[in-house]
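Please look through this structure with attention to its charged side chains and its domains. The briefing below is meant to be read alongside the sequence.

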Amino acid sequence: MKKPVIQFKNYSFQYRSQTAATLQEINLTIYEGEKVLIVGPSGSGKSTLGHCINGLVPFSYKGNVTGSLQIVGENPKDIFSLSKKVGTVLQDPDGQFIGLTVAEDIAFALENDCTPQTQMFDKVAEVSKLVEMENYLDASTHQLSGGQKQRVSLAGVMVDDVEILLFDEPLANLDPATGKYAIELIDQIQQKTNKTVVMIEHRLEDVLHRPVDRIIVMDDGRIVSDTTPDELLASPILEQCSIREPLYVKAAKYAGCIMTPDMQPAHLDTFQVDACKAKLVDWFAKVDRPQPKAKTETILTLTEINFGYTPGRQTIHDVSFSIEKGEMVSIVGKNGAGKSTLSKLICGFEKPNSGKIYFRADDISDDTIKERATRIGMVLQNPNQMISKQMIYDEVAFGLVIRSFPEAEIKKRVLAALKICGLSPFRNWPISALSFGQKKRVTIASILVLEPEIIILDEPTAGQDFRHYTDIMEFLVELNRQGVTIIMITHDMHLMLEYTPRAIVMADGRKIADDSAVDVLADSRIVEAANLKETSLYELALRAEMEEPTQFIERFIAYDQGVRKNGS
Amino acid sequence: MAAEMLSYIERQSPVHRLTGVTKLICFIIWSSIAMLTYDTRILLCLFLFSIVIFMISKVKLKEVAFVLLFILVFLLMNNLAIYLFSPQEGVKIYGTNHVLFEMAGRYTVTMEQLFYQFNVTLKYFTVIPAALLFIVTTNPSEFAASLNRIGVSYRISYAVALALRYIPDIQRDFRTISLSQQARGIDMSRKEKLPKRIKNAASIIIPLILSSLDKIEMISNAMELRGFGKNKKRTWYRARPFQKIDIITIIIFVSILLVSLYITFHNGNRFYNPF
């Protein structure tokens, strides 16, 4: 029998500021050397469960604990003794780097332990070799690539010889290829060191890129399932908790295949496709092909845009494209490829060094930010960066009040925008009472009141679980249907495939592709150059020996959207 | 870019090789002398000496040119202000009156006044190269270690180092927020009246504070999870032991301090009087 390292017994926790318990009657045992994934929708308590393991609960976030928790055979006494046993890698490596250089960041925990300097040098050298960063010790943490940052933050917790590695949403904010790489890295490290690994993440398919031993599903503060990946995927639990199943599993289910654990659905490589090949082919023939949208007029044109923040270092090279009224387009590419810069150029936040931007036939290259804002609205990724008022109504009305619109007109527009965004019942609420997703809607509403014809959104669904993701995206589709052109900057391949028929791909400041989302992901050359990730649907179609794999993807998406709209 | 001025410049030089503690101590000594004395001979010597150190450090003039220019403009304004408010200060100090040429009222130009203002300027010139050098040749993390070594609590030392580090981040956030609020229509330019502009600024500051608070929560969690604040003391990866060159440097600077104090107060007056 293996040694248990984490043991929750009838454990409940209630945050001091909340009226109901966030965790209820948790019974969970994790054994030495296991690799466990915890999934669940937002607000299910999965992050709180992670905080219990690393000690932030109850030592930093106070509250009421009942039941017992043992970590490596002891009741946690304080956060510091726990940090010797549990190493936590938080989401967003940028936010958790403390040292200025790689070596200092790795050594941070050792410094706090008063380790003599010579020992620190040895230990840092040893750990950096384990994560293959030994040649970057003096590099500044800000200059590293996404993958290197992951390695450094991992090394920073491994210097402590912890027994448990806890990853809190390791995939958030990473581009698809880097996310895949992060999962491989975690797997490698676990195999080398045989530590216990606990991951909290809602992007199930991405985590399953490498095997995990067990998946714990949480909903409403309780554990609703604790089983192997194969068992879980064969059950209806994920759907009930609105967690997105891997797309190939979903496709097979749509085709009418009965999933069983024997089919090994946890990985596409092991998945026994043969059993449902006939059904998939049948289904493909039955489902309708989505109709392409009719062409309309061109609304936005960029011609040969060049731009650099500092002279001599060009960020954008010769980018041209045009977008039609009523389109929904995504701009994708790896971190730092120039996606956000491009959106800033369109909104006039930055001025191009050369090239022109046209709105319909008007040259708007010389318009000010304020002038452009009535035609093109921009929604930032983090709603906290946009909200400046306390009340929802005031926040949404702000742009109109400042433009001195008459009171009656303001009221009319604000109420209309709130209605579209599903915020009417809350119009007299303070913003602080809203959830993240609702705040996002407030920021969209505050842009909508200016009645722009184009809205640009930076990562509209980052950090959202499947339910909120669907809500936000369906809302954007509805806006789009009413005639607003939507441009999205995103890392999410599902989002790109599902909602934007067209994708513009950026790499190193150049446009390397401008095609249908499905075709972009079917081109391995583009996928590699832009750090994207192919979809499992494509491979499923190949393995089921379909003749038109891209058609299969398109039909799946159309069908899936139909099901979700009618189902929920 | 503005975000990168006054940051650490990596070089191989004897000045860089000194530990942060040595540089901090020497800088404190150096500025105390410059503050205490008005003795032209000492100031001139110190000024020449600081130029020599600057050359040894291999920091190029153009790397600090912007800040230097900024300080020089201030210096010029300071000089004009002294003359404006106290045109006969030199006469009062040196007790003689050599008129160069007559001007309206009390604004008559005297040798004494010019000499006094020359001394003030020289004081600036003595401190500026030393201050710039200290900033650009001391690694920020070593700076934290140095503060800690001379007795400042490590929590405060680290807070100072972190604050320095996050300045560029906050500047970037400020810019993004300000642009997105301008897109909603606020006007921060001179076209708007001042009270309105102040009100508008609030719509940038509030989101900036809120998003910075998110960041602070994240970094403080990250630090706590890795044991920051556990012990009364901590060690520093970047700390460097004292070497011969450090001890020699400190001895030299202490001697300079003693000598200049002796010369300055020898005749009971902080001013050197050539008249």
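What follows is a short briefing on salt bridges and domains.

This is a predicted model, in which local features need pLDDT of at least 70 and side-chain atom pairs count only at pLDDT 80 or more, while totals for chains, interfaces and linings use all residues. Residues are numbered from 1 along each chain as its sequence is written, chains are lettered from A in the order in which they are written, and side-chain values use heavy atoms, without hydrogens and water.

**Salt bridges in chain A**

- Over all chains there are 48 salt bridges, each being a side-chain nitrogen of Lys or Arg within 4 Å of a carboxyl oxygen of Asp or Glu.
- One of them joins D161(A) to K123(A) at 3.2 Å, N to O; D161(A) sits in the loop between α7 and β6 of chain A, and K123(A) in helix α6, 38 residues apart, where helices (H or I, at least four residues) and strands (E, at least two) are DSSP runs numbered from the N terminus.
- R151(A) pairs with E132(A), their closest N and O atoms being 3.4 Å apart.
- K253(A) and E245(A) also form a salt bridge, at 2.5 Å from N to O.
- A network of salt bridges that share partners joins K35(A), E184(A), D187(A) and R210(A).

- E245(A) is buried at 3%, while K253(A) is partly exposed at 23%.

**Domains of chain B**

- Chain B has domain 1 (14-139 + 241-265) and domain 2 (166-225), with bounds from an automatic or database domain assignment.
- The C-alpha centres of domain 1 and domain 2 of chain B lie 38 Å apart.

How values were computed. Buried means under 20% relative accessible area, exposed over 50%, partly exposed in between (1.4 Å probe, protein chains only).
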